[in-house]
Amino acid sequence: MYHSPVIRAVYARIRQLAHLATDAADHLIDADDILIHAQAGLPMELGDGFLAVPSEQDARQEIGHRFTLVAELTALGAFDAVATAEQYVAERRHYGYLPEHQPPALSRTQSSTLHAVARGDVTISDGRPYHRREGVRFSISTIRALETRGLITREDCQLWLVDERVHLSPAGRRDLAASFAHPRPPALATTRPASHRPTASTTRAR
């Protein structure tokens, strides 16, 4: 089956994201193993090919190192996943394959907030939403409006100074995908056509 260069690039990006996710999962498994060995007093390989029982300080350092690697591997994962999905849908639209589901009628603020949630940029603290990028603001009423429509959900978060994370619901993922590369309605004309004044003809008296 023929795939355009754009679709091939999308598939390549998906494979890259899968490898990054697998590497991140391996580091989390390593962190769990280090914790288990430290608590049970079991020897493990600490480097240079020799076995030793990790001390509490060694275990904390190694686990912290693994968490740092996981954060670096997944830092752009959500952003790249959304960009890749949008590229895929846009290319499909270009060849006439339109999503069966129609995009929802959202305001510009609601639409941008939905995109931000998909990229993992939105958290809530003390009842106020925050965007990871400075200078981007929206109100809690926008979050509640999207919640009422069943497009986003919240979950408790253990991060410092963060109470809740906001995620897309299955309906939110479907509606967001349907909105990718969707043509916007043409702007309404606000100017009136110029009117021509009638020209008075003058006749010369004979």
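The side chain of S169 has a polar atom 2.5 Å from the backbone oxygen of G150, a polar contact in the sense of N or O atoms within 3.5 Å, one able to donate a hydrogen and the other to accept it, where residues adjacent in sequence count only if both atoms are side-chain atoms. This is a predicted model, with local features needing pLDDT of at least 70 and side-chain atom pairs pLDDT 80 or more, while totals for chains, interfaces and linings use all residues. Numbering starts from 1 along each chain as its sequence is written, and side-chain values use heavy atoms, without hydrogens or water.

S169 counts as buried because its relative accessibility is 6% (buried is under 20%, with a 1.4 Å probe and protein chains only). Leaving out residues up to four places away in sequence, S169 touches G150, L151, I152 and T153 (heavy atoms within 4.5 Å). S169 sits in the loop linking strand 6 to helix 6; such elements are DSSP runs, numbered from the N terminus, of at least four residues (H or I) for helices and at least two (E) for strands.

Now for the sheet: it's open, with four strands in the order 4-3-6-5 and antiparallel pairing (strands pair if DSSP finds at least two bridges between them).

Strand 5 pairs with strand 6 through five bridges, in the antiparallel sense.

How values were computed
Buried < 20%, exposed > 50% of the residue type's maximum accessible area, 1.4 Å probe, protein only.
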